[in-house]
Amino acid sequence: MSKYVLKRLLIMVPTLIAVGIIMFTLMNFVPGDPAQLALGAGTHTPAEIEMKRAALGLNRPFMVRLGEYLKNIFLHFDFGKSLIDGTEIKWELMRRFPHTFKIAIYSIVLTVVIGLPLGIYTAVKANSIGDKISLFITLLFDCMPSFWTALLLVLLFSLKLGWLPSSGCTSFKYFILPTIANSLGGLAGFTRQVRASMLEVIRSDYVTTARSKGLPERKVIYGHALPNALIPILTVVGMRFGSMLGGATIIEVIFSIPGIGQYLVNCINNRDYTASTGGIVFIAFTFALIMLLTDLLYAFADPRIKAQYVSSGRRKVKENG
């Protein structure tokens, strides 16, 4: 198992390097001069702009700056300093990450708590009125953009009813509306995936055999069908969690939550490509870790996968012995 984890971690390195190269290149060739933006509003002479470019290191060749940037990130975990205000990007990301992580955690918990039983119910009651109503609602939620849902929630629960705050992050109630807005689309897709996985398993021979033995329907569903449908469900949970982590950007802007998403939007608007690239690489690294943990959960959900890890390790020991 440890060798598998190490192998996956090594595979992550070229992926993250590719993300860093792509983002650094894109942000470098976006129109606009970061040096002029860093000097602030007003009229500046070409000499002042060129002096600022030299201070920021922007007058060096592109490949030199790219190589130095990748070396600092992957060897020293140093994302550099913001071109606009000179703050350490690493500490800025670490300070803002808990807010983004809370939104993603709350969203995925809400998705699983509602989507899992709803998906199981629609699979067991396939083609019933409840199944058709659920399918219609999930398709409706899946078609609603998260920013539009967020604005509707603010208008209803904040402005009209006054039940929940529309901005901030000082307590749990400030995360209720962002969580709902960020999870509705994922909830719809997750419910349909659970339904599809359960339908495939319910029609299997061993489920029919369990029913023929007179086992209660609840035990058949939760004791036999659900454990064998967990692999695709876990995959969707991991991918949804990663997408919610990265997809909280527009949610943070609408609800004024000082997370990584809001930080990235501000950096892109200010042409701070060093901070923008660092934020994207940070999110990519987090997403890769989430998918690694998802793969490891497969071993706990399916003993056959765990047996493959153990047998491959024993095989290598025998070959070396």
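Tutor: A salt bridge is a side-chain nitrogen of Lys or Arg within 4 Å of a carboxyl oxygen of Asp or Glu. Accessible areas come from the Shrake-Rupley method with a 1.4 Å probe, and for residues only the protein chains shown count as cover. This is a predicted model, in which local features need pLDDT of at least 70 and side-chain atom pairs count only at pLDDT 80 or more, while totals for chains, interfaces and linings use all residues. Residues are numbered from 1 along each chain as its sequence is written, and side-chain values use heavy atoms, with hydrogens and water left out.

Student: Which residues make the nonpolar surface patch?

Tutor: Phe147, Trp148, Leu151, Leu152, Leu155, Leu159, Ile250 and Val253 make a patch of about 720 Å². Two elements, α7 (146-160) and α12 (249-254), each give two or more residues to the patch, and α7 provides the largest share, six residues. Helices (H or I, at least four residues) and strands (E, at least two) are DSSP runs, numbered from the N terminus.

Student: Why is Leu155 called partly exposed?

Tutor: Buried means under 20% relative accessible area, exposed over 50%, and partly exposed in between (1.4 Å probe, protein chains only). Leu155, in helix α7, has a relative accessible area of 45%, so Leu155 is partly exposed.

Student: How do you know how much confidence the predictor places in the protein?

Tutor: The score is pLDDT, the predictor's confidence in each residue, from 0 to 100. The protein averages 80, and 91% of the residues score at least 70. Helix α5 (residues 89-124) has the highest confidence, at 87, and helix α15 (residues 303-320) the lowest, at a mean of 56.

Student: What makes the span of helix α11 close to the expected one?

Tutor: The expected span of a helix is 1.5 Å times one less than its number of residues. Helix α11 (residues 230-246) has 17 residues, and its C-alpha atoms, first to last, reach 24 Å, close to the 24 Å expected. The buried residues of α11 include Ile233, Leu234, Val236 and Phe241.

Student: Why is Thr122 counted as buried?

Tutor: Thr122 has 1% relative accessibility and therefore counts as buried. Thr122 belongs to helix α5. Contact means heavy atoms within 4.5 Å; not counting residues up to four places away in sequence, Thr122 touches Asp131, Ser134 and Arg195.

Student: What makes Gln193 partly exposed, and which residues does Gln193 touch?

Tutor: Gln193, in helix α8, is partly exposed because its relative accessible area is 27%. Beyond four places in sequence, Gln193 touches Pro232 and Val236. Val236 is one of the buried residues of α11.

Student: Why does Gly259 count as buried?

Tutor: Gly259 has 0% relative accessibility, so Gly259 counts as buried. Its place is the loop between α12 and α13. Leaving aside neighbours within four places in sequence, Gly259 is in contact with Arg96, His99, Thr100 and Glu252. The C-alpha atoms of Gly259 and Met94 are separated by 9.6 Å, although these residues are 165 apart along the chain.

Student: What makes the phi of Ser256 worth noting?

Tutor: Phi of Ser256 is positive, about 55 degrees, although Ser256 is not a glycine. Ser256 also lies in the loop between α12 and α13 (260-269) and is partly exposed because its relative accessible area is 39%. Among the contacts of Ser167, leaving aside neighbours within four places in sequence, is Ser256. Ser167 lies in the loop between α7 and α8 (176-202). Phe77 likewise has a positive phi, near 50 degrees, and is a residue other than glycine; Phe77 is in the loop between α4 (62-76) and α5.

Student: How many helices and strands does the protein have?

Tutor: There are 15 helices and zero strands. Buried residues make up 40% of the 321 residues.

Technical notes
Patches are made of residues with over 30% relative accessible area and no salt bridge: like charges are joined within 9 Å, nonpolar side chains (Val, Leu, Ile, Met, Phe, Trp, Tyr) within 5 Å.
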